[in-house]
Amino acid sequence: MVSSDYKVDYSNFETYFNGEWIPYRKVMINPEDRGFTLADVVYDVCRTFNGKPFALEHHIDRMYRSLQYVRIDPGMTSDEMTSICEEAVQRNQKYLEEAGDFTIHPWVTRGVGSVNDLIPTVCISIKPVNFVRFAQDYIDGAKAVIVKTRSYSTDMMDPKVKHHNRMNFVLAELEAKEVDPKALPVLMDVNGNLTEGTGNNVFLVKDGILKTPKATNILWGISRMTVMEVATNLGIEVVEEDLQPYDIYTADEVFYTSTSPRITPVNSIDNRLIGDGKPGSMTKQLLAAHSEKVGVEIIDQALHYSGIS
């Protein structure tokens with residue numbers, strides 16, 4: 001079944017599943033799989049621009065570092081995983097015109113049974129970029145809420161591992177949506193420093209300087225890295241430091257970075273307007289430069305494929 005907020009039916013998209021190519025709708029997970037019973041699964045998500053994977057090697061490299069950390073052997077090399085991802089995109093090129101662009105979602109579970117001698121479950125799925133989910137935010141900006149639910153302590157799990165064991169993210173999203181149904185959460189660490197959102201990194205602009213939380217307690221986002229590179233090339237000073245709610249409340253601009261939208265402007269935090277409540281000048285500058293880097297007008301594409309004129 002396809003999520004109702006997608007405008008393109010991806011149930012027939014060709015999907016790699018345990019060595020076979022099958023329609024997405026036929027992917028079936030064993031209910032005893034540890035990925036289901038224990039969230040014992042590592043994954044990554046990247047996207048295409050003009051139907052070509054962007055920064056795929058960085059995503060796969062991060063995924064294999066995560067696999068190594070949690071000691072899951074996917075049964076294939078990183079080069080083989082990259083090749084299958086590229087093949088998955090090619091197999092679904094017939095849907096590109098309708099979809100606009102794709103997301104690429106590889107994931108690996110430890111498999112079924114106890115931790116010894118397991119056969120991993122490996123899947124690589126292709127979906128249309130869900131432009132409907134974020135397109136309007138380019139115009140109005142998104143709302144955000146600093147939630148009480150905390151990021152996992154580094155004593156529990158290194159945040160550089162991209163895994164599905166994220167009940168704290170679920171609780172954070174529920175908490176944010178109790179404030180506003182469309183709000184996105186911002187989490188903190190146990191010391192009250194801002195960390196990240198649920199699947200995105202946080203940036204703020206103050207007095208012409210681009211600031212983002214230190215890499216200590218966050219996922220090392222590929223989109224985060226790309227935006228920092230783009231900013232540096234533009235001559236914008238980028239600072240990684242401990243940031244508290246005060247810093248984001250008093251910022252000139254705030255935005256998220258994540259795979260599909262790349263940069264999501266934020267217009268308010270806890271119902272406090274950021275600047276004039278509209279996407280700021282540096283945010284727009286970075287979006288324009290990022291568009292040039294990938295060869296796609298990011299905002300125009302999202303508006304077009306979401307049906308916003």
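**The hairpin and its surroundings**

Modeller: Happy to. In the hairpin of β10 and β11, two residues sit between the strands, and D207 takes a positive phi near 55°. Strands here are DSSP runs (E, at least two residues), and helices are runs of H or I of at least four residues, all numbered from the N terminus. The model is predicted, with local features needing pLDDT of at least 70 and side-chain atom pairs 80 or more, while totals for chains, interfaces and linings use all residues. Residues are numbered from 1 along each chain as its sequence is written, and side-chain values use heavy atoms, without hydrogens or water.

β10 and β11 (residues 209-212) run antiparallel, joined by three bridges; strands count as paired if DSSP finds at least two bridges between them. Here K206 stands opposite I209 of β11. β10 also pairs with β13 (residues 253-258), again in the antiparallel sense, over five bridges. L204 has V254 as its bridge partner in β13. Five of the six residues of β10 (residues 201-206) are buried, so the strand is largely enclosed by the rest of the structure. Buried means under 20% relative accessible area, exposed over 50%, and partly exposed in between (1.4 Å probe, protein chains only).

R262 is buried but has no salt bridge, and E229, the nearest side chain of opposite charge, is 8.8 Å away. (Lys and Arg count as positive, Asp and Glu as negative; His and chain ends are not counted.) A salt bridge needs a Lys or Arg side-chain nitrogen within 4 Å of a carboxyl oxygen of Asp or Glu. A polar atom of the R262 side chain does lie 2.8 Å from the backbone oxygen of T259. Beyond its neighbours within four places in sequence, R262 is in contact (heavy atoms within 4.5 Å) with several residues, including Y256, T257, S223 and T226.

For a contrast, look at R224. R224 forms a salt bridge with E240, with the closest N and O atoms 2.7 Å apart. This pair links distant parts of the chain, with R224 in helix α7 (residues 222-233) and E240 in strand β12 (residues 238-240), 16 residues apart. R224 is buried at 6% relative accessibility, whereas E240, at 39%, is partly exposed. By the salt-bridge rule, the count comes to 13.

Conventions:
Polar contact = N/O pair within 3.5 Å; in protein donor to acceptor, adjacent residues only side chain to side chain.
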